[in-house]
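Please read the following briefing alongside the sequence and the coordinates.

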Amino acid sequence: MPRRGLRCQRLKFLDDSDLNALYFAVIETLSEMGVKMDYRPALELFADHHGATVDWDNHVVKISEGLLRKALQTAPSFFTLYGKTEDYDVKVDLERVYTMSGSCAPYVLDLDGNHRLAVREDLRLITRLLDHMPNLDIMHQIVIPSDVDEVGYELVNFATCYSNTWRNFYSQAQTAESVRDQVRMAAVFQGSTEEVKRKPTFTEVVCMISPLKHEPQNSEVIMESARWNIPLYIEVDALCGATTPAPIAGTLVEQAANVLAGVVLAQLVNPGTPCIFAIASGIIDMRTGVYSGGAPETTLLHAATAQLAHHFGLPFQGGTGIDAKLPDAQAGYERALQVLTNMLSGTNFIHLAYGMMEQMLLASYEQCLIDEEIIGACFRIARGFEVNDFTLSVDLLRKEGGPLGKHFLTKRETREFYRQDRWIPTLTNRDPWDKWEAAGAKSMRQYANELARKILAQAEQEPLPVTPEQAAEIEAICQEGVRKAKEIIRRREESRK
Amino acid sequence: MDSRKCEELYKAIIEGYAEDAEALARQLLDQGMPPLQIIDECMVPAIQEVGRLYEIGDYFLPELMMGAEAMQAALKIIQPALRGEGARREVLGTVVIGTVAGDLHDIGKSIVATMLSANGFDVYDLGVDVSASQFLDKVREVHATILGMSALLPTTMPYMQRVIESAKEAGLRDQLIIMVGGAPVTQAFAEKIGADGYADDAAGAVKVAKNLVAQKAGQQKA
């Protein structure tokens, strides 16, 4: 049975009039200012379509409301992201909420408490660890290994993560060739590239720059992914107050115009390509200029963007790394506020929900476990509760004697109800002081550390989703892809000279 | 001479009004105030005050940057007059700065460039996606004292080391102070790749640049 996320949208920061005002501001931006796209094949495609105006001098494309609406009609609001078995398939629509890991931290905080550059073995281990988190739906690479060459690194990430997870893999690519290499790697598991095209087990993300810029590789990857029917997270990473205007409303406008230009491009290449409106935006800290994922304004921005993305009929990815450096009180409050607010706002994919800290620079093994706990508790709140004759319990109260009754702990109704209603904590300690002290007076971080070691030891004994032969074949395609990518870079550098 | 105008220029820089600063600098020149005196008496104390207000936590980044931009706007007016007189403003050093090849992130590097420029450095900002040869060609052309590199992506960080290696091969390493920065960059990384300086924000970068220039001058004397 496929995974079906919780439907839990309860929070709205924008009313209908706000949404209309935002809609018109986005149309004005797209049709009168446009988006810069430094990729000729994309501009040529736009130039062939009614409703697009290309400024060839500045590489800017302006998109009319009509063309945008046409694209939004073909962009699906329901689709499936495939796992390696049906049990890991994710049914996406505008209501259901899922979680994902990621992304690309250069540093790790390891289980011995060391802060150091991440290596490929960290990527494998954390991927195995995260694959055991019951609440995780989509796997994304959490670190960028420092012992891997920067050219073609995404192919190494693919080979490492894809072979170590049952879940749909959230990938990235620098070139069209890299997308094709990833299709080939997935085909090793799926049987053929045709099967990958029919039921892709991975997705691609492209990250746009604000204000209103698509770099050549963004357009190249959008176009190639669309040809292969690979679902796309079309992501903008606005720095609210620096690369976009300081007000949240102004940032909402820029983000939507930027993302929607990418959605139109994907739909022009292959109508029906699943596109997810994605952001990893944050405010900048006005004191230092650093990106702040954990700021309350950032969470507010993400919650409001969920509403706007849904207004355009697109599923939404929000949520981002927090600012804490350690699995501490700051990490707990930042993650909990971010995850819960996004859930209640109907963010369909809660991004970087596991282990990501220090403005997307640091991945913590321990925090992955703590975040699973936080996410579990947040889902419990988001699920709410039912009011009906059974839960009102007036008959039970009367049966037990009303004011003359004793307690309900041993009633059949209680036993049947609590198992499906209560969230059972794993790492949270609810003991009184003496008992907690007698058990070693451990912090949540220590519990997380012990559990991480236990899961990792157990994970090494379990069969992987791909056979050793398939993993070797995937690795060979990866290494050949890296060799090709280096060749492309070498030729590009020569042409520069 | 109208000393009120000097006071107004000082205030315009502190309050970050670039257009006013530009107009006031022009008026002071028209009144015959020597360009060097305008810089030393009306402008440098202003940018120092902006820095002090930032240090004590009164000013935040927007005020700091607006002050720096007002300073730059006034300097743009004063500099041609300075050259006309054959005088030279004393610059602390010549900086070539850019975001390394493969990386298109602009804003952090631009903040550092503006801050250095407002604080007495001559700055050549090469923009983003800058290759080793582009960096070194400019270093040769302008006889740079400082080479500043930025990277936001963990995957483009290693390119900084390639630029440093290229500077060594080109025989330029010893004459240069090399500074690196950007979100994923750390002091340890800077040391590992053989850079001379690192700071985690723009105000820090100005301090580090000033210290390194003073150190280098000390070494050369000794």
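Val139(B) is found in helix α6 of chain B, where helices (H or I, at least four residues) and strands (E, at least two) are DSSP runs numbered from the N terminus. This is a predicted model, in which local features need pLDDT of at least 70 and side-chain atom pairs count only at pLDDT 80 or more, whereas totals for chains, interfaces and linings use all residues. Residues are numbered from 1 along each chain as its sequence is written, while chains are lettered from A and ligands numbered from 1 in the order in which they are written.

- Val139(B) counts as buried because 22 C-beta neighbours lie inside 10 Å; a residue is buried if 20 or more other C-beta atoms lie within 10 Å of its own, exposed if 12 or fewer, and partly exposed in between, with C-beta atoms placed from the backbone.
- Leaving aside neighbours within four places in sequence, Val139(B) is in contact with Val96(B), Ala144(B), Leu147(B), Leu172(B) and Leu176(B), two residues being in contact if their C-beta atoms, placed from the backbone, lie within 7 Å.
- The C-alpha atoms of Val139(B) and Asp58(B) are separated by 37 Å, and these two residues are 81 residues apart along the chain.
- Ala132(B), which also lies in helix α6 of chain B, is buried, with 21 other C-beta atoms within 10 Å.
- Not counting residues up to four places away in sequence, Ala132(B) touches Arg162(B), Val163(B) and Ser166(B).
- Between the C-alpha atoms of Ala132(B) and Thr186(B), which are 54 residues apart along the chain, the separation is 21 Å.

- Helix α6 (residues 132-142) of chain B has Ala132(B), Phe135(B), Leu136(B) and Val139(B) as buried residues.
- Seen down the axis of α6(B), these buried residues fall within an arc of 90°, so they line one face of the helix; the arc is that of the directions from the helix axis to the C-beta atoms.
- An α-helix has 3.6 residues a turn, so residues three or four places apart point the same way.
- The packing partners of the buried residues of α6(B) are β1 (93-99), β3 (146-150) and α7 (157-169) of chain B.
- Just after α6(B), His143(B) takes a positive phi of about 50°, and the place of this residue is in the loop between α6 and β3 of chain B.
- His143(B) counts as exposed, with 9 C-beta neighbours inside 10 Å.

**Domains of chain B**

- Chain B is divided into domain 1 (3-84) and domain 2 (93-221), with bounds that come from an automatic or database domain assignment.
- The contact between the two domains takes eight residues from domain 1 of chain B and seven residues from domain 2 of chain B.
- On the side of domain 1 of chain B that touches domain 2 of chain B, α3 (35-55) and α4 (61-84) of chain B each supply at least two residues, and the largest share, six residues, comes from α4(B).
- The residues of that side of domain 1 of chain B divide into six nonpolar, one polar and one charged, where Ala, Val, Leu, Ile, Met, Phe, Trp, Tyr, Cys and Pro count as nonpolar, Asp, Glu, Lys and Arg as charged, and the others, Gly among them, as polar.
- The C-alpha centres of domain 1 of chain B and domain 2 of chain B lie 26 Å apart.

**Contact between the chains**

- In the contact between the chains, 18 residues of chain A meet 17 residues of chain B.
- The side of chain A that touches chain B has nine nonpolar, four polar and five charged residues.

**Helix packing in chain A**

- Helix α12 (residues 365-383) of chain A packs with helix α17 (residues 444-459) of chain A at an angle of about 105°, with their axes 8 Å apart; axes are lines fitted to C-alpha atoms, for helices over the stretch in contact, and angles run from 0 to 180 degrees between N-to-C directions.
- α12(A) and α17(A) are therefore roughly perpendicular to each other, given that angles under 35 degrees count as roughly parallel, over 145 as roughly antiparallel, 65 to 115 as roughly perpendicular and the rest as oblique.
- The residues of this contact of α12(A) with α17(A) divide into seven nonpolar, one polar and two charged.

**Backbone features of chain A**

- The peptide bond from Gly102(A) to Ser103(A) is cis, with omega near 0°, and Ser103(A) lies in the loop between β7 (96-99) and β8 (107-109) of chain A.
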